[in-house]
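Hi,

Here is the structure I promised to pass on. Have a look at it first, and then read my notes below.

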Amino acid sequence: MKEYKNIIINTLYIILGIVLIVLVFMNKVNSLFAGFGGGLLGVGVVQLIRAIKYKTNSEYKEMVDTKTNDERNRFISMKAWSWAAYSFIMICAAITIICLIMSKVTYMQIAAGIICVMLVLYYICYLIVSKKY
């Protein structure tokens with residue numbers, strides 16, 4: 001059933017992408033939506049191909065299931081996410097300092113606000129995960 005759900009959702013992405021592109025050509029919406037429509041169309045096509053391949057090719061299905069359910073791959077994925085988040089915080093901190101030195105107060109406040117949001121999200125997630133495990 002999940003394979004059919006993915007196929008239906010990806011077909012809806014394709015239809016929504018085509019509708020947005022058509023609306024842009026009819027001058028009903030801003031031309032910015034052509035990019036959204038193209039993105040939805042592209043993602044929908046690629047994901048639809050993957051979903052059909054998953055349903056029809058047993059070797060591919062086994063490979064995907066192994067990748068998604070293997071503990072080593074999950075560990076690597078979680079480690080990559082943690083490094084990415086840590087790097088993002090450090091980059092935002094550097095941007096905050098640079099913007100402060102350059103007297104770009106608005107940009108500094110945005111970068112500092114992003115750091116604050118990330119740290120609050122981290123704390124909330126930490127509390128949830130610590131109660132779960």
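**What I found**

K53 sits over the face of Y60, 4.6 Å from the ring centre. Bear in mind that this is a predicted model. While on rings: the count of aromatic pairs comes to two.

Take α3 (residues 58–69) and α4 to begin with: their axes come within 5 Å and cross at roughly 55°. That angle makes α3 oblique to α4. On the α3 side the contact uses T66, K67, T68 and N69, and on the α4 side E71, N73 and R74. What kinds of residues make up this contact of α3 with α4? There are four polar and three charged ones, with no nonpolar residue.

Next, α4 (residues 71–101) with α5 (residues 105–132). Here the helices pack at an angle of about 155°, and the axes are 8 Å apart. Since the cut-off for roughly antiparallel is over 145 degrees, α4 and α5 are therefore roughly antiparallel to each other. The crossing of α4 past α5 is left-handed.

From α4, the residues in this contact are A85, F88, I89, C92, A93, I95, T96, C99 and L100. They meet Y107, M108, A111, A112, I114, I115 and M118 of α5. By type, the contact of α4 with α5 has 15 nonpolar residues, one polar and no charged.

Cheers

Technical notes: Residues numbered from 1 in each chain as written. Predicted model: local features only at pLDDT ≥ 70, side-chain atom pairs only at ≥ 80, totals over all residues. Heavy atoms only, no water. Axes fitted to C-alpha atoms, helices over the stretch in contact; angles between N-to-C directions. Helix = DSSP H or I, 4+ residues; strand = E, 2+ residues; numbered from the N terminus. Parallel < 35°, antiparallel > 145°, perpendicular 65-115°, else oblique. Left-handed = near helix turned anticlockwise from the far one by under 90°. Contact = heavy atoms within 4.5 Å. Nonpolar A, V, L, I, M, F, W, Y, C, P; charged D, E, K, R; others polar. Phe/Tyr/Trp six-rings, centres within 6.5 Å; stacked < 30°, edge-to-face > 60°. Lys NZ or Arg CZ within 6 Å of the ring centre and 35° of its normal.
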